[in-house]
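The following note is intended for a colleague who is meeting this structure for the first time. Please read the numbered points alongside the sequence and the model.

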Amino acid sequence: MKLRRKHCLSKIAIVITSTAIISLVLWGNGTRPEIVTKEVGSGPLDFYFPNRVVDNFLNRTKILTQSAQRCLSSLNNIKITANYTLNNVLDKIKIIFQNGHIDAVDNSSPNLQHPLTREQTSKLGNELLEVIVIPHSHNDPGWKKTYRKYFDDQTTHILSNMVDKLYEYPDMTFIWVESCFLDMWWQNQTSETKDKFKRLVQSGRLEIASGMWVAPDEASPHYFALLDQMIEGHYWVKKNLGIVPESSLNFDQFGYSSTMPYFAKKAGLKNVLIKRIHRGLKERFGRLQNLNFNWRQFWDPEGKDDIFGHIDTYEWMSISDSCGPDRSVCRGLDFLYMPDLPVPGSSAANKPFRADHASQLMAQNFHDFTVKLVEQFRLKAANYKYNVMMLPHGGDFRYATPFEWDKQYKNLKVFMNYVNENKKIFNVNMRFGTLKDFFEEIEKQDQMYDLSYPVVSGDFYTYTESTEYWTGYFTTRQFDKRLGREVLEGLRAAEFFTALARRDPHFKSLEMEKTILSLLESARKNLGIFQHHDAITGTSQAHVVIDYERLLTSAYTSVQRVLSMISMFLLNPDIDWNTEKLLPTLKRTDYNGLTKKVSIPITTTGTKIVLVNSLTQGRREIVSLFVKAKDMFVLDPKGNEVRFDMIPSTGESNEIKFEVDFPPASVLVYTLKRRDNISNTKFDVKYSIQSKKSEIFGKVYFCENNIMNVTFNKATGSPEIVCYKNKNFCAEVKLDWKYYRGQGGAYTMMSNGMESTALVGSSKVKFVKGETFCGIESQNQYFSFKVSLPLIDSISGKSLRVDVMSDLSRASGFVGDLAMRVETSIRSENIFYVDSNGFQLMGRKFRNSIPFDGNVYPMSSMSMLEDDSTRLIVHSAQPHGVVSRASGKIDFMLDRIAIRPEMDLPEGVRDNKPTETVLYIEFESSTEFEKLSTTETALPSINTVYLSDLIQHPIYSFYSIDELVIPNQSQSFLNHKLPCDVIIANVKNLLDSSSNPDGTSLTLFRRAISCKGNTADNFCELRDPVNLHPGYILKAKFDLVTEMSLSHLTPKEVLKETDLVLLQPMDIKTFYMR
């Protein structure tokens, strides 16, 4: 079906008429029980809060009439003040592909020569060029070997040799990035070695650059995970080494987000160095000497949070790409594989010698060898405004042996001394240094020559050095991307409730505290490892992927255990925590299998169900459980019987669904009881089966709740029209399933846009309906999907939920990507929006001037299409690659098989597993959002933000068949309500260098939103301005609260009891509390 705008109004009019008739049939004749929108029983629930009881917390009418509520749009915060946006730069470049490589012609200045690839001049410069040689070793915590194997085989030796050799060679320097390896190595060192290491760091000869737990991928991770691993690494560096990193080094990521430089700035870092960006962008920036810039956020027109950016030239981080455009010449500086350089002035120095270990390139003599290299220095330096050049000297796991340290140092010294002793000839000064030395030299020359730099906004996606765009990894190994998000969700909840429990005066068991903190530390370290740019990307060898899956499964089990223990303590501190009476209803039995729902035994005395809401907002949700019973009933915390659906399943298990109102940050207790005589039940038990004929209208199925209705195509199962009742607003929508045939590998997509239908044969479509949900189920050969409308009066009832189960291992001959297409009549043209790490929305553009695969962008949690009247928002519970190749259409890559070995990875990706994908489809009319005048970014509405929060903070459930004494069965642990645009972005239970408890880290984030001042449509509360005291948000009171830099590197201000912190839109602030 091709949707055409001109037919939209007539089709919607027909559907509105049809839905009205259907509503009369289904509702007017009493054949369908009224949807339950209020709590069943004698009255609303009472929720326990410290010092007060809040009656019916989720009474929406009461919330929306609060006079304090104010919806202040962030529209005025968005003002583009950059000299360049990355979208505009790409628009101005004509990409020419020659011999498999990119050449970029600037449409505005096509005659400019480009120093990156062509020789600009063979003359040496007139001013002294300062060349800073920076030895380094890039250590991946997993790629071709596992994290542990790399450490045992190489990294431990690199670090140990680094200490020895830096003391042996007192003018040599080194830089290190990943804290995860430092942590492993540190645990096995003597006090003497640790002291020597710290003295090297404090002297400045050994620099910790970045210092995060890993060098993370910046495309797929959610900002919570990025922030968590940043705090983990920076806290380790600060407490063990006593230093504060100043610069972020990012040599090996495959593109760069705009969120990470903002985090780096907020953490107190001054500079960000990146390397792997689109070759066309690097061409143009180098031509204009704009490879340095001030990186600015779209919401920061004054540049208060600008950070200095540096793009290193050329492609790889190896020595061959370090000194200039000619690899064969630059390889001459890699002395590991070459004979030692001759002594200048000796007879050997005047003889020809091989100058490149990888080819037969010969130098006439030592002087000729030096001249060729210095010419490369000049060509590289020509890309920058100043006379200082960084020469990184290293690569993957380099400097691993004493032999390499000696070989590299001694030959570098011979070369550097010769250059420095002949300044009249070369006009170059070479020295060892660090990243800090390099940026300090730039700063000196900035002041000396009054240099200025442009302002740049945007991010650096997508990445390519040739016709092959690195966009496949946005989707590669989707199973692991989903598993990583499950761990993230659980860790966030476990850290949050642990921080609460540890402040409770009844929390006295040191053994319990030690156990819980150890489990949390292990889980967050494992999750941090998975953010590495060869882990979450899916770009490691298969046996390494298994290791990541084992680490994540261990982390998942740990956080579930912590949540069960902490929930039990919060409900009744007197129960022995070691008995672990609460068991999780979700379980991972195999590292390579899906997370399974446990079938809960039901007793006549009652099985207790503990439900946990870690979100600091109230919510109304449909809870789903699997039970070993048919004849049963459900009781809420007050003992009132609750309506529920029962869906027959395999074996003895059945699925039940029931509606629950959750207070913010709460723990509730429900009871499931077996009933011997089902006739005594208060409500009819609803079994969800194929719907009655009265609910099938012509060629469509029909679903409806109090907020919206939807029609489904009977043949395909796709929704066709969604209508929002109070808005008099309808939108066309169609789901289609596509197969992009591609020849890429783990990194690249290489489909050239060749698509076909993913449906094989005829689909089996079934319409299902209960008291809590309504929708369709469709089964295909290697994937199935469900589209459901929750029958609930809350934000969840404003969207369609799409559950996809795919298993490409069953797809015969399938090579490429499976995609879900959402097709609408929105006039989006070639513009679409995709989130950056769940933190902000980035404007994307489909460009016909580049290959199709270069138009696929990374999505962490949200994508959007819009025109002047309608907005489509698609939420996801995991990362995807996304593309909008035509107006009103957007494709989500769900999983892929990639057969080509590439980028030095010796195998393709064929280890596909059954994989779950969860998406939500939401529409908004122009009365609910504001369309910006720029397409560089967009602002979500508060309802969109709220729905996204619910998806990223799932409800956790536990059960116990023991008779538990629980005095308060509905508890909220929020002391003061937070407005809905403010979220707790991170909580961490800190440990000192001896693994003892060391306070709590709390990070608050206020999102920028669009609205038109109309609060009547909001499902949650807003207020402006936002002034709060972090120590009084939660039930647990903290006596000492200090505002810190984002990752705890530096303290800012100790807050008094009366001090309030102002949060502006897009502010993110961290506090240390104890």
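1. C180 has a relative accessibility of 0% in this predicted model, and C180 therefore counts as buried, the cut-off being under 20% relative accessible area. C180 is also one of the residues through which helix α5 touches helix α4, and that packing is taken up next.

2. How do the axes of α4 and α5 cross? Helix α4 covers residues 147-168 and helix α5 covers residues 179-186; their axes come within 10 Å and cross at roughly 80 degrees. Angles of 65 to 115 degrees count as roughly perpendicular, so α4 is described as roughly perpendicular to α5. On the α4 side the contact is made by Y147, R148, Y150, F151, T155, T156, L159, S160 and V163. The α5 side supplies C180, F181, L182, M184 and W185. Sorted by class, this contact holds 10 nonpolar, three polar and one charged residues.

3. Helix α8, spanning residues 259-267, is mostly covered, with eight of its nine residues buried. The buried residues are T259, M260, P261, Y262, F263, A264, K266 and A267. After α8 comes G268, which has a positive phi near 105 degrees.

4. The torsion about the S-S bond is -95 degrees, and the link is left-handed. Both cysteines, C323 and C330, are buried.

5. A further disulfide is formed by C703 and C774, whose sulfur atoms lie 1.9 Å apart. The disulfide of C703 and C774 is left-handed because the torsion about its S-S bond is about -75 degrees. C703 and C774 are both buried.

6. Is the disulfide of C723 and C730 left-handed or right-handed? The torsion about the S-S bond is 110 degrees, and the link is right-handed. The S to S distance for C723 and C730 is 2.0 Å. C723 has a relative accessible area of 6% and is therefore buried. C730 has a relative accessibility of 13%, so C730 counts as buried as well.

7. Strand β46 (residues 870-876) is mostly covered: seven of its seven residues are buried. T870, L872, V874 and S876 point one way from the strand, while R871, I873 and H875 point the other way. Residues on both of these sides are buried.

8. Which strands pair with β46? One is strand β45 (residues 862-866), which pairs with β46 in the antiparallel sense over five bridges. β45 and β46 form a hairpin with three residues between them. Strand β49 (residues 915-925) also runs antiparallel to β46, and seven bridges join these two strands. R871 of β46 takes part in both pairings: R871 is the bridge partner of E866, and in β49 the bridge partner of R871 is E924.

9. The bond from Y461 to T462 is cis, with omega near 5 degrees. T462 is placed in the loop between β17 (455-457) and α15 (478-502). The bond from D1024 to P1025 is likewise cis, with omega near 0 degrees, and P1025 is placed in the loop between β53 (997-1006) and β54 (1026-1028).

10. Positive phi values also occur in residues other than glycine. Y399 has a phi near 60 degrees and lies in the loop between β15 (388-396) and α12 (402-421). With 0% relative accessibility, Y399 counts as buried. M750, which is not a glycine, has a positive phi of about 55 degrees. The loop that holds M750 runs between β35 (729-741) and β36 (755-757). M750 has a relative accessible area of 24% and is therefore partly exposed.

Definitions and conventions:
Residues numbered from 1 in each chain as written. Predicted model: local features only at pLDDT ≥ 70, side-chain atom pairs only at ≥ 80, totals over all residues. Heavy atoms only, no water. Disulfide = S-S within 2.5 Å. Buried < 20%, exposed > 50% of the residue type's maximum accessible area, 1.4 Å probe, protein only. Axes fitted to C-alpha atoms, helices over the stretch in contact; angles between N-to-C directions. Helix = DSSP H or I, 4+ residues; strand = E, 2+ residues; numbered from the N terminus. Parallel < 35°, antiparallel > 145°, perpendicular 65-115°, else oblique. Contact = heavy atoms within 4.5 Å. Nonpolar A, V, L, I, M, F, W, Y, C, P; charged D, E, K, R; others polar. Pairing = 2+ DSSP bridges.
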